[in-house]
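Thank you all for coming; please have a look at the structure on the screen, and I will then walk you through a few of its details.

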Amino acid sequence: MADTRVKQPKGVKLDHISKIYKDPKTGKDFYAVHDVDLTIEPGTFVTLLGPSGCGKTTTLRMIAGFESPDEGEIYLGGEPINALTPNKRDTAMVFQSYALFPHYNVFDNVAYGLRLRKVPKDEIKRRVTDILALVELSGMEQRMTNQLSGGQQQRVALARALVVEPGVLLFDEPLSNLDAKLRVQMRTEIRRIQQQLGITAIYVTHDQSEAMSISDNIILMKGGVIAQMGSPMEIYYRPNSEFVADFIGECNFLKGPVSGVGAGEATVKIAGVDVPVATDKHVSLGDEGEIVLRPEAITISDKGMLPCRVELSCFMGSYQNYHVRVGDTLVKITDNCPINKEIFNVGDNAYISFDKNCAHLL
């Protein structure tokens with residue numbers, strides 16, 4: 001098979017871009033995207049993540065050229081592109097709806113963009129054949145798209161975007177029409193292909209597990225602004241706000257006054273107990289402290305750090321799911337591989353413990 005690697009993936013820079021819409025009810029202007037300033041490095045996979053209405057799709061559409069920023073400039077590979085129409089930008093989009101031509105077969109769907117660009121016939125055949133092999137659809141060139149499964153249609157849409165060899169590949173919630181098992185399979189495929197080609201990819205989703213599994217970096221948005229940027233691990237273990245912590249996975253919040261400050265750690269008084277937590281934040285005695293704690297970071301036993309009372313105990317196969325009450329706070333625990341562990345039942349008194357390095361001080 002011929003070399004299908006992208007020769008020069010391009011970076012993207014959003015220089016303080018904003019998009020203003022008019023609210024149809026009030027008639028007032030509002031920022032759908034406000035002062036977004038970020039740099040996406042060439043060859044990286046970046047996901048715009050957030051709830052509905054957070055501005056992630058509007059941001060993607062501005063990069064693609066389907067919307068124009070009202071403020072700021074977009075750069076692709078160092079070149080300003082605000083004035084360029086979508087077809088003049090070195091980008092390709094994979095849509096949520098696939099947007100395939102039903103009267104074309106697989107080959108003609110994938111070849112469409114190359115024919116628009118007046119690519120010679122023999123090169124079209126070579127490039128389409130190569131890209132169909134990459135997305136594992138070899139031998140299906142003559143199939144009509146309505147004869148394909150949802151997953152196969154998504155592969156055709158991906159191949160059609162890749163075959164024009166764009167500098168940046170854009171994804172607008174491409175897996176939301178697939179069932180859960182196929183979504184997991186396809187996101188793995190998309191990541192494999194992106195890494196094999198070395199292409200720059202910008203992906204929009206509201207599914208945090210999807211974002212975590214495929215991204216080099218996540219840009220979490222809320223209300224048109226960036227709430228936090230970072231690697232999946234940074235955002236999961238070092239969230240900068242309750243919103244970020246709660247949006248990415250399940251979370252517990254333990255609150256109390258800061259009762260001690262040391263080098264690289266602090267103690268927070270939770271339910272009358274001094275609890276250590278590693279932190280590089282500057283905090284002072286008496287400050288209100290809030291510890292972020294993931295359910296899988298907590299252990300439950302008959303002795304430990306904080307006394308608790310069990311309110312839910314449920315066997316989930318690979319883990320025992322507990323809800324316990326610590327003081328007035330409900331704490332969720334994912335106790336992995338429970339087969340050799342003591343199981344606590346509803347109404348039992350127990351203790352929870354956690355490593356100070358597995359907790360995070362907001």
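Helix α2 passes helix α4 in a right-handed crossing. What we are looking at is a predicted model, so please keep that in mind throughout. The axes of α2, residues 106-116, and α4, residues 150-162, come within 7 Å and cross at roughly 30 degrees, and because angles under 35 degrees count as roughly parallel, α2 is described as roughly parallel to α4. On the α2 side the contact is made by V106, N109 and V110, while α4 contributes V156, A159 and R160.

Let me turn to the cysteines. A disulfide is a covalent bond between the sulfur atoms of two cysteines. How many disulfides does the count come to? The count comes to zero, with a disulfide taken as a pair of cysteine sulfur atoms within 2.5 Å. C54 is in no disulfide, since the nearest cysteine sulfur, that of C251, is 19 Å away, and C54 is buried, at 2% relative accessibility. For C358, the closest cysteine sulfur is again in C251, at 13 Å, which is too far for a bond, and C358 itself is partly exposed, with a relative accessible area of 34%.

Finally, consider H360, which is found in strand β20, residues 359-361. Is H360 buried or exposed? With a relative accessibility of 13%, H360 counts as buried. A polar atom of the H360 side chain lies 2.7 Å from the backbone oxygen of P239, and, leaving aside neighbours within four places in sequence, H360 is in contact with residues including Y237, R238, P239 and V277.

Methods
Residues numbered from 1 in each chain as written. Predicted model: local features only at pLDDT ≥ 70, side-chain atom pairs only at ≥ 80, totals over all residues. Heavy atoms only, no water. Buried < 20%, exposed > 50% of the residue type's maximum accessible area, 1.4 Å probe, protein only. Helix = DSSP H or I, 4+ residues; strand = E, 2+ residues; numbered from the N terminus. Polar contact = N/O pair within 3.5 Å; in protein donor to acceptor, adjacent residues only side chain to side chain. Contact = heavy atoms within 4.5 Å. Axes fitted to C-alpha atoms, helices over the stretch in contact; angles between N-to-C directions. Parallel < 35°, antiparallel > 145°, perpendicular 65-115°, else oblique. Left-handed = near helix turned anticlockwise from the far one by under 90°.
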